[in-house]
Amino acid sequence: FSQTNNAIAQGELTLNGAEMEMDKKGLDCNHLTFFPALHESFHSEDFLELCVERQIILQEFAESEKVTFKCSVAVVKGHTALEGVLLFGKEHFYICECFVLSPLEEVYCTRHCLSSISDPFIFNLCHKDQSVGDQMCSRYSYHDIKEIHLMRFLLQEIALEIFLKNGYSRFLVFHDCDRNKIFKRFCSFQPALKSKGITEESLNIRKHSGGEKTMLQKWQKREISNFDYLMYLNTLAGRSYNDYMQYPVFPWVLADYHSETLNLTNPCTFRDLSKPMGAQTTERKHKFIQRYDEVEKCEGDLSAQCHYCTHYSSAIIVASYLVRMEPFTQTFCSLQGGSFDVADRMFHSVKSTWESASRDNMSDVRELIPEFFYLPEFLTNANHFELGCMQDGTVLGDVQLPPWADGDPHKFILLHRQALESDYVSAHLHLWIDLIFGYKQHGSAAVEAVNTYHPYFYGDKMDFNNIKDPLIKSTILGFISNFGQIPKQLFTKPHPSRNTQGKSSSGRETVLSLHSSGILPPFMSSLQNLKLSPVTIKELNMFSVLPDYPKGAIGHIVHTERGILAVEKNKLLIPPLWNKTFCWGFEDLTCCIGNYGSEKNMTTFECMADWGKCLCAVCPSATTIITSGTSSVVCVWELSFVKDKVKCLSLRE
């Protein structure tokens, strides 16, 4: 570290506003380009002893990196947050967790510098559990960003959720700087984000500037499933897997948890989707209306008049559903003060939970979460947690399932998903959307629908800038974080219904597609939708002289706008252009990159030979190839191109 230490001691790096400039003496750009000059009283040895954790950031830096801007953030992870720093580089940005931006814009770890968070509630959220997380720095390319959404945190417009092309996302809270300016800064590095970000202007999902169908139209025409459409609406309304306080919300769809077989053609099998959970029975509905009428308005602008003082979605509801799986086990215990709840109050039976939320408990109006439609693992106590005993002596273990599931979590999820995609739910789902995301969320329509919640749950009714008393503000924020938050309103008019099964708006037959939903409808019931094409699409010909005809058994098929592409066994077409192929299965254990339609291999690589004979491969993106074979090891390879020419194939993991 001698060169680095000397540079720091001599103060060759200077801070100029938000930008760090390199001294013209030609210091190596790999070193400490974002650290300011230290006080003369700091010796280099003292500096490294003070905060060696900063090396974690340096190790992530791209070659010749130069940080142009940095700001303090809170990184939201489930029910907690970590103080951190966001750094903007030339082609990458960096999220540094458990680091602090000092008043002099120096970066330190949280152990060596006081917090820069002035908001007491966010400060306590970040520091309530000092053992959570260690110093960490993650590097991301601007080109890896798929979308950026403007998000609320504690009902305040102070957050961004960054969605990456690899499927991951990061949730950042900007507690002391303008969130919108940070969004614009991202757009300056990646201009395409302007059209992909969800902003207030883009919330009108009924219209689209181009000829592309909206998600609403696709749902109406049954081109996407009910599950996919609900996930889309949740994302659009600011619900996020990263923040348990505003987790995606899904409806109870069934009311039958006692029958031996599930009849999806009987309307009595289903929950009334036109009514909130508090109004599922007439008796309880009248009790909530009586509560609404009896509540006297409090002094000031905020009215406490509401039907429900609890919410249909909160961090504790999410954690209670998923308590048998980590990290939700620890989350639940943390929210409960360090231990499990009383056994009788734990989530132990689907039937009893439905009865509590729909009929028996005046303080329980919970809805469901997406996992009820795709994740059987959360219903089993595979980790053998000691969840306690109920008053009747029953030891809590796996979740008790309805008789029609035959005690099989996979069957429960399969039938529950089929119920969500059933004709009845498809015909009535728009009524539930009106309650949660639509025009019955607010105002007189909400009152009439028995669908009003405590005013603190509504973002548009809360103006925290006008609350001067820090104790009152902290109390309200605590209420919000514990009990729930209403999603953003997406529709101000009644949501249109879905087209009836088998017919689109044009009258043509349609096939329900669940390609991204995980579970397909039973194959046998869809045979009438399978039709042979009148002509042969592509013919197998071992001796064909045409270059793009496969020379043997088919290994990979891709359907593109220009037609069907097919290659033989041990070959893969590389997305997104599909004009290159990845080939394996040679005697010398090498692999090749070639051009589609050409017998000539462009580039040969020997690096796979160390991992034995390759038997299978997939190519999820233009730069990633995943292989496995006789070694039983799955290898992830990174493919590098320079001006459309293959440069190298390197092992990533």
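The structure holds 37 aromatic pairs, where rings of Phe, Tyr and Trp (its six-membered ring) are paired if their centres lie within 6.5 Å, and where planes under 30 degrees apart count as stacked, over 60 as edge-to-face and the rest as tilted. One of these is the stacked pair of Phe88 and Tyr142, with 6.5 Å from centre to centre and 15° between the planes. Phe88 belongs to strand β4 (residues 80-88), whereas Tyr142 sits in the loop between β8 (136-141) and β9 (145-153), so the pair ties together parts that are 54 residues apart in sequence; helices (H or I, at least four residues) and strands (E, at least two) are DSSP runs, numbered from the N terminus. Phe88 has a relative accessible area of 0% and is buried, and Tyr142, at 2%, counts as buried, the term meaning under 20% relative accessible area, with exposed over 50% and partly exposed in between (1.4 Å probe, protein chains only).

The pair of Tyr241 and Tyr247 is edge-to-face, because the ring centres lie 5.2 Å apart with the planes at 90°. Tyr241 is partly exposed, at a relative accessible area of 35%, while Tyr247 is buried, at 2%.

This is a predicted model, in which local features need pLDDT of at least 70 and side-chain atom pairs count only at pLDDT 80 or more, while totals for chains, interfaces and linings use all residues. Residues are numbered from 1 along each chain as its sequence is written, and side-chain values use heavy atoms, with hydrogens and water left out.

Charged side chains also meet the rings: Arg185 lies over the face of Phe88, at 5.9 Å from the ring centre, and Arg417 lies over the face of Phe227, at 4.2 Å from the ring centre. A charge is assigned to a ring in this way if NZ of Lys or CZ of Arg is within 6 Å of the ring centre and within 35 degrees of the ring normal.

Turning to helix α14 (residues 423-436), its 14 residues should span 20 Å at 1.5 Å a residue, and the end C-alpha atoms are 21 Å apart, which agrees; the expected span is 1.5 Å times one less than the number of residues. A kink of about 40° is centred on Leu429, the bend being the angle between axes fitted to the seven residues ending at a residue and the seven starting there. In α14, 10 of the 14 residues are buried, among them Leu429 and Trp432, and the buried residues pack against α7 (215-220), α8 (226-236) and α13 (409-420), contact meaning heavy atoms within 4.5 Å.
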